[in-house]
Amino acid sequence: MCDPLVTTTGLTVELGGNPVLTGLTLSVRPGELVAVVGENGAGKSTLLRCLAGLQPPTSGEVTVLGAAPADTAAFWEQVVLTAEEPAWYPGLTVREHLGLVLAVHSSPRMSTAAALESFALTARADAVPASLSTGQRQRLSLAATLLRPSRLLLLDEPERGLDADFRPRLGALLEEYTGAGGTVIMATHDPALAARARRLSMVPA
Ligand SMILES: Nc1ncnc2c1ncn2[C@@H]1O[C@H](COP(=O)(O)OP(=O)(O)OP(=O)(O)O)[C@@H](O)[C@H]1O
């Protein structure tokens, strides 16, 4: 049995004096696809932020890749957090944005052409992000996330803006990622996406 990639022990977070997470204990193995589910305000995004080291626990412990999350190049080489929409370069096309990701990673997981195809962006490859629809921009964000090499994806509502046809494709792409040994922890409100994963149900504290 391999060591867990992510653990939380007694993870407690208070925000604005209110409890958000109370004593959460979690263990995620390499290659797992985990769906964090629960109503608005249950603390899903807060958990992801803790795992990314962006939200310090009030008490308890978090380990990612065997150590506390650290805001270091070595950590961010292995971990990707997608939450809010990234800032795009206004003058660069979809293809050029993906090319930029390729340029800074020595072992990309796929070619630009494959990423465009996988994320149904081939027809929009020469468009700038501002001219894309919300769902197309979300597909670009996910393409950039899955193009680069990583060991852990922390995805906050990756289904946001995606149409009903593309959502199962996203599920298949995430399963491909975990099948190759990557680990995904995603907050989601999509029951079909969650059904493909180990579910971690959260309730407001
Ligand atoms: N900066 C903050 N200050 C105070 N309270 C906050 C802050 N950020 C979040 N909260 C509160 O923490 C709780 C959990 O928020 P969080 O965003 O983690 O929930 P969520 O499960 O991701 O919700 P959603 O499904 O709406 O995205 C909510 O009650 C929210 O109001």
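Predicted model: local features only at pLDDT ≥ 70, side-chain atom pairs only at ≥ 80, totals over all residues.
Colleague: Let's start with H97. Why is H97 called buried?

Modeller: The cut-off is 20 or more other C-beta atoms within 10 Å. H97 has 21 of them, so H97 counts as buried. H97 sits in helix α3, residues 94-103.

Colleague: Which residues does H97 touch, leaving out those up to four places away in sequence?

Modeller: W88, Y89, L92, L140 and A144. For those contacts, the C-beta atoms have to lie within 7 Å. As for R124, it is 27 residues from H97 in sequence, and the two C-alpha atoms are 12 Å apart in space.

Colleague: On to the ligand. What makes a residue part of the shell around the ligand, and which residues are in it?

Modeller: The C-beta atom, placed from the backbone, must lie within 6 Å of the molecule. The residues around the ligand are L15, G16, V20, G38, N40, G41, A42, G43, K44, S45, T46 and A187. Helix α1, residues 44-51, gives the most to that shell, with 3 residues.

Colleague: How many of the shell residues are nonpolar, polar and charged?

Modeller: There are 4 nonpolar, 7 polar and 1 charged. Gly counts as polar here, and G16 is one of the residues around the ligand.

Colleague: What makes you say α1 is mostly covered?

Modeller: Of its 8 residues, 6 are buried. Those are K44, T46, L47, L48, C50 and L51. After α1 comes G53, with a positive phi near 80 degrees.

Colleague: What does α1 pack on?

Modeller: First, the sheet itself: an open, parallel one of 5 strands, ordered β5-β6-β7-β3-β8. Its edge strands are β5 (79-82) and β8 (198-201), each pairing on one side only. From one strand to the next, the twist averages 15 degrees. α1 packs on this sheet and touches β3 (33-37), β5, β6 and β7, and its direction makes about 145 degrees with that of β7.

Colleague: How do you know that β6 and β7 are paired?

Modeller: Pairing takes at least two bridges between the strands. Strand β6 (residues 152-156) and strand β7 (residues 183-187) run parallel and are joined by 5 bridges, so they pass that cut-off. D156 has A187 in β7 as its bridge partner, and A187 also belongs to the ligand's surroundings.

Colleague: And the other sheet: why are β2 and β4 called edge strands?

Modeller: That sheet is open and antiparallel, with 3 strands in the order β2-β1-β4. β2 (18-28) and β4 (59-64) each have a single partner strand, so one side of each has no neighbour in the sheet. Direction ignored, neighbouring strands there are turned by 25 degrees against each other on average.

Colleague: What makes β1 and β2 partners?

Modeller: Again, at least two bridges are needed, and β1 (residues 6-15) pairs with β2 over 7 bridges, in the antiparallel sense. V13 has L21 in β2 as its bridge partner, while E14 stands opposite P19 in β2. The two strands form a hairpin with 2 residues between them, and G16 in the turn has a positive phi of about 55 degrees.

Colleague: What does UniProt place at residues 6-205?

Modeller: The unreviewed UniProt entry has the feature "domain: ABC transporter" there. In the model, residues 6-205 are 32% helix and 25% strand, with the end C-alpha atoms 22 Å apart.

Notes:
Residues numbered from 1 in each chain as written. Helix = DSSP H or I, 4+ residues; strand = E, 2+ residues; numbered from the N terminus. Buried ≥ 20, exposed ≤ 12 C-beta atoms within 10 Å, placed from the backbone. Axes fitted to C-alpha atoms, helices over the stretch in contact; angles between N-to-C directions. Contact = placed C-beta atoms within 7 Å. UniProt positions renumbered as here; feature names shortened; annotations may be inferred.
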